Every structure is written in C-alpha cells, then in structure tokens.
Amino acid sequence: MPRKSWREALATYANPATLALLLLGFAAGLPYMLVFSTLSVWLREAGVARETIGFASLIGLAYAFKWVWAPMLDQWRLPLLGKLGRRRSWLVLSQGLVAIGLVGMANFDPQTHLSSLIALAVLVAFASATQDIAVDAYRLEILGDEHQAALAAAYMTGYRVAALLATAGALYFAEGFGSTAKNYQFSAWTGTYLVFALLMLPGLLTSIWMREPPAPPHIHVAPPKHGFFHQLLAISAVIVLIIAVPTMFIQFYQSDLVPMLLGDVSMQELLYNDRAFLRAMLYSTLACVCASGLFWGGLAPVLKTAAAKYGFFHQLLSVLLLIILLISIPAMVTQFYESDLVLLFQGQSSLRELLYYDRAFLRALLYTLLTGLSISSLFWGGMAPVLTPINDFIVRYRWQALLLLSLIATYRLSDTVMGVMANVFYIDQGFTKEQIASVSKVFGLVMTLLGAGVGGLLIVRFGIMPILLIGATASAATNLLFMLLVGMGPHLNMLVVTISCDNFSAGLATSAFVAYLSSLTNLKFSATQYALLSSIMLLLPRLIGGYSGVMVESLGYAHFFLATALMGIPTLLLIVIQWRRDKLQPALETAPPTVEKA
C-alpha cells in the first residue's frame with residue numbers, strides 16, 4: 001500500500017462510511033454484553049444458581065462458531081429484505097431480531113420463566129453473531145484496504161462505548177429503577193432491557209440509510225419469482241424441518257419404543273402413557289409434511305432463490321453437516337470413554353449387554369454414525385459451500401498460508417493471556433474496586449480508542465506492515481510494565497502509566513491487525529474468510545489463557561508477566577519474515593524473464 005500524506009491520512013476519517021461503522025459498532029456492542037456479563041448479574045440477583053449461570057454462558061458458542069453459517073451471508077440474498085441489498089438485508093434482519101429478542105427477554109422473569117428467558121438470549125446471541133458477520137463483510141467491501149484501519153477504529157470506538165454502556169450503564173439503570181442485590185425487582189430489569197432494545201434503533205436506521213457496497217462480479221441473484229406468502233411458507237417449512245428432524249430422533253430415543261419392540265410394553269401403553277413417544281410422532285408428522293414440500297414445489301423459494309453456484313438448501317445442508325461434525329466427534333469420544341467398552345475387550349461384558357443396557361455405548365454409536373455420515377459428505381460435495389472459501393485461501397497463498405495462519409494465531413497471544421489475570425492481579429496487588437474501575441475501565445477505554453485512532457492514521461501514512469510490527473512489539477513490551485508494578489504495591493500513578501501504555505498499544509495493534517486481516521480476504525468470500533480468520537486469531541490465546549491461573553500459581557506474577565512478554569517474540573519473527581516476502585513479491589513478479597544462453 002503506497003504511503004500518503006498526513007492530510008490524506010486524516011481525510012480517511014471524513015468518509016461517510018466511517019460514521020456508518022461507528023454506529024454499526026455501537027449496535028454490535030450492545031447485545032454481546034447484554035447476553036453475557038449483564039445477563040449473569042440479572043440471573044444471580046434473581047437467585048439463579050451459579051451452576052445454571054455457568055451453563056447459560058454456553059450461549060457464547062454462537063460467537064465462536066459464527067464462521068460456520070457465514071457462507072450463507074456470502075451466497076444468499078434474503079427475500080423481500082433483499083431489495084435493500086445483500087449486506088444491508090442481513091443487517092436489518094439481524095438487528096431487528098436482536099431488538100425483538102431484547103424486548104422478549106424484558107418480559108420474562110428468570111424466577112418463573114428461566115427457560116424462556118434463556119431461549120430468547122440464544123436468539124439474541126445468534127442474531128448478534130450474524131450481525132457481526134454482516135458488519136465485517138460490509139466494512140471489507142465498502143472501501144479499499146487503505147481505509148480499513150480507519151473503519152476498524154470507528155467500529156471499535158462504537159463497540160467499546162456500547163460495551164461500557166451495556167455493562168456498567170445497564171447495572172446503573174437497573175439499580176436506578178429499583179433492583180438491588182438485596183431487593184430484586186423484575187420491573188427494573190424489564191425497563192433496563194427495553195431501554196437497550198430501543199438503543200438498537202440508531203444501528204437499524206443506519207443499515208437502512210447507508211449505501212450498499214458493490215457486489216463482486218460472481219454474485220448473481222435472480223429477482224424474486226414467488227409471492228410473499230409462498231416465500232414465508234417455504235422459509236417456515238425449512239425452519240420447522242431443521243428443528244423437527246433431530247428432535248424426532250431424540251424423542252424416539254427417550255421413549256419406550258425399544259421395550260415395545262422387545263414385547264415388554266404394549267402399543268396401547270406407549271400411546272397412552274409415553275409422552276416422549278407422542279412427541280416423537282408429532283415431530284415425525286411435522287417433518288413429513290415439510291419434506292413433502294420438496295415434491296410439490298412448496299420449498300421452491302428457498303431452493304431456487306439462491307446464488308449461481310450453490311442453492312440455499314445446499315448451503316444450509318453444508319452448515320448443518322459441519323455443526324454436526326464439530327459436535328459429534330468430541331461427544332463420540334466422551335461417550336465411548338463413559339461406556340463399558342473396556343469391559344467388553346476384557347471379557348467381563350458381552351456385546352449384547354452393551355447394546356441393551358449401556359446407554360453411553362448406544363449414544364457413542366449414534367455419534368459415530370453421525371460423524372461417519374458427515375465425513376462421507378466430503379466425497380459427494382455436501383460440505384462444498386463451507387469448504388470452498390477455505391480452499392480458496394489455501395489455493396491463493398499455497399504453502400505461505402501456513403505462515404499467515406501462524407501469524408494470525410499468535411498475534412494477540414501475549415496480551416490476551418496476560419489480560420485473563422489482569423483484574424485478579426489488581427485485586428491481589430491491593431488496589432480498590434473504585435481505582436480499578438476508574439483507571440482500568442474508563443481511562444483504559446479512552447486510551448484504547450486513542451490507540452485505535454492513531455493506528456488507523458499511521459497505517460494510511462506508512463502502510464500496514466510497519467504498524468503491525470510496532471503494535472506487536474508494544475503489546476508484548478508493555479507486559480514488562482506489569483512486572484515492574486509487582487514490586488511496587490498499590491502504586492496508583494504506576495498503574496495509570498501501565499494501563500495507559502498497555503491499552504494504547506492494544507488499540508494500535510488491534511487496528512493494524514484488523515486492517516491486515518482485511519487485506520488477506522477474498523471479496524468473493526469476505527464474510528466467511530474474515531469470520532474464520534478472526535476465530536483463528538482468538539483460538540490459541542483463549543486456550544492458553546485458560547491455564548494462566550496455573551502459570552501464576554507456579555511462576556508468580558513477575559515471572560508470569562515476563563513469560564507473556566516472551567510469547568510475543570515468535571510473532572515478531574513471523575511479521576519480519578512476511579514483511580520481507582511482501583517486499584520481494586512485487587520484484588519477482590515484475591522481473592524480466594531470463595534467457596538461457598546457447
């Protein structure tokens with residue numbers, strides 16, 4: 001990317017798309033915190049058990065696996081809303097579902113309707129993750145690489161402000177409306193979540209107001225040929241089919257169908273007393289009715305209103321197969337481990353006993369079957385829609401893809417692993433909660449946004465790679481400031497200096513890294529590839545971060561911070577190697593061909 005003047009660098013923030021990304025970032029930051037941090041406070045204040053709150057945190061899987069259904073956003077335009085454009089239609093749908101979900105959550109008290117509240121939180125999480133995919137794709141397509149850092153800085157500003165408002169602000173609203181830890185008031189939380197549902201309106205209006213980015217040449221969507229009610233019926237039938245088929249198998253598994261086949265239970269007892277069997281019959285009927293639409297054309301809108309290469313149904317099947325594969329493999333291993341399979345090999349149990357009495361073994365066989373079916377789809381092309389973007393990345397970069405993925409996986413390793421223990425360290429160091437809140441949260445937020453803004457400016461002025469290197473160096477080096485703070489006790493001024501440098505470098509590094517990831521994606525698969533690369537970015541740091549407490553216990557805080565700083569060295573080497581390759585690549589492409597002498 002060629003260097004530009006400071007005036008041209010500053011002008012990147014004056015683009016209307018920058019304001020749009022600021023408001024979209026605000027819309028993206030609200031639901032994320034409302035279904036995690038704030039929801040856990042609400043549940044605990046309502047007296048919900050800690051174990052239940054812990055299970056509720058599994059809602060976060062929607063964000064971890066958002067890359068799985070991202071191909072649908074690349075390949076399929078929504079009916080009716082599709083008139084707004086490929087990106088804006090998905091944004092409007094997801095933001096509308098977030099607002100509806102928040103309104104629904106506001107009307108269910110966890111003390112009496114916990115399951116309904118959690119179900120709506122799942123809806124909000126999936127809609128919010130879909131919104132994230134659409135926003136990232138919009139940002140990549142609306143302007144070129146030289147503007148990506150500025151757009152990322154604007155998005156981050158809106159996101160962080162919304163996150164602060166949805167956490168500290170939401171708690172302030174709930175307490176102001178009359179709900180405290182000692183005096184729980186459901187009406188206070190109702191008012192709080194209704195306020196935040198209303199705050200989704202600026203993002204929704206932005207999605208309607210902003211211009212649609214030009215679609216890549218390969219995307220061609222046929223105009224709608226079906227009426228509104230036909231489309232609505234087809235979409236409803238597909239949704240019911242997705243829910244009914246797995247539920248049907250689960251209910252048959254939980255019923256007494258096997259004892260009936262063995263003659264231990266009569267059909268009359270099954271029909272009159274077995275609720276699971278009746279539910280299985282209901283879902284079987286629903287599945288048959290919906291599947292019959294394949295033959296009389298009832299599903300034509302979702303089967304034919306699709307992109308040129310893959311139909312919606314094929315994309316949906318591909319996503320479902322990948323989700324099944326991701327769930328069934330670990331479940332299969334777990335169930336085999338819990339079964340009595342070892343006793344069979346030791347001769348202490350028979351295969352017949354395993355099949356009739358060992359529930360874990362039967363579940364393991366079921367997951368083995370699902371795994372086998374999903375893997376077999378690799379050969380008949382069932383996973384082609386979700387694998388095509390991955391294959392494109394590998395084909396474009398060949399062996400260099402391994403270098404790029406290593407760089408992506410380790411770039412945020414140093415500061416992410418350290419950050420897991422940051423708040424615990426502040427408490428152990430003797431700082432008060434007020435000091436932590438004012439310096440770490442509020443002042444730290446300002447420094448993060450300032451770092452992101454400066455990063456966007458510097459990238460336009462000097463290019464991505466030098467700022468990427470500076471950001472990685474600063475993120476690792478600032479961990480040494482925490483090491484110095486260990487021996488100083490609750491030294492407030494040193495805390496301010498440490499957090500200022502750490503958050504500023506984190507904002508700078510994030511801005512550079514988002515711009516770099518954006519430059520690696522192919523606009524044909526912008527939503528899918530960016531979602532996948534950003535997931536890889538967090539995978540290794542989160543896995544190692546899970547052992548950060550063990551590291552502190554064994555090393556102590558000083559050596560822990562030193563170790564996290566040293567984790568940044570491999571990343572620096574990878575950046576230098578990649579930077580050198582980027583400089584050599586144009587020279588190799590433009591060099592005149594050599595002619596062999598006779």
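Leaving out neighbours within four places in sequence, leucine 102 contacts Leu34, Val124, Tyr193, Phe196, Ala197 and Met200. The model is predicted. Its protein chain holds 33 helices and zero strands.

**Nonpolar cores**
- The largest nonpolar core counts 62 residues.
- Leu39, Leu102, Met105 and Tyr193 have the most contacts inside this core.
- Helix H8, residues 114-142, is the top contributor to this core, with 12 residues.
- A second core is separate and has 30 residues, including Leu140, Ala152, Ala401 and Ile575.
- In soluble globular proteins, nonpolar side chains tend to be buried together.

**Packing of H7 and H10**
- Helix H7 spans residues 86-106, and helix H10 spans residues 186-198.
- Their axes come within 8 Å and cross at roughly 170°.
- Angles over 145 degrees count as roughly antiparallel, so H7 and H10 are roughly antiparallel to each other.
- From H7, the contact uses Ala99, Leu102, Val103, Met105 and Ala106.
- From H10, the contact uses Phe186, Thr190, Tyr193, Leu194, Phe196 and Ala197.

**Helix H31**
- H31 covers residues 548-555, and its buried residues are Ser548, Met551 and Val552.
- Viewed down the H31 axis, these buried residues fall within an arc of 100°, so they line one face of the helix.
- Val550, Glu553 and Ser554 are exposed on the other side of H31.
- Glycine 556 follows H31 and has a positive phi, near 85°.

**Arginine 412**
- Arginine 412 sits in the loop between helix H23 (400-410) and helix H24 (413-420).
- The relative accessible area of arginine 412 is 14%. Buried means under 20%, so arginine 412 is buried.
- Arginine 412 touches Ala506, Thr510, Met537 and Pro541, setting aside residues up to four places away in sequence.

**Whole chain**
- The protein chain has 598 residues, and buried residues make up 48% of them.
- Take the contacts in the protein chain between residues at least 6 apart in sequence: 80% of them join residues at least 24 apart.

How values were computed
Residues are numbered from 1 along each chain as its sequence is written. This is a predicted model: local features need pLDDT of at least 70, side-chain atom pairs count only at pLDDT 80 or more; totals for chains, interfaces and linings use all residues. Side-chain values use heavy atoms; hydrogens and water are left out. Helices (H or I, at least four residues) and strands (E, at least two) are DSSP runs, numbered from the N terminus. Buried means under 20% relative accessible area, exposed over 50%, partly exposed in between (1.4 Å probe, protein chains only). Contact means heavy atoms within 4.5 Å. The arc is that of the directions from the helix axis to the C-beta atoms. A nonpolar core is a set of buried Ala, Val, Leu, Ile, Met, Phe, Trp, Tyr and Cys residues joined through side-chain atoms within 4.5 Å. Axes are lines fitted to C-alpha atoms, for helices over the stretch in contact, and angles run from 0 to 180 degrees between N-to-C directions. Angles under 35 degrees count as roughly parallel, over 145 as roughly antiparallel, 65 to 115 as roughly perpendicular and the rest as oblique.
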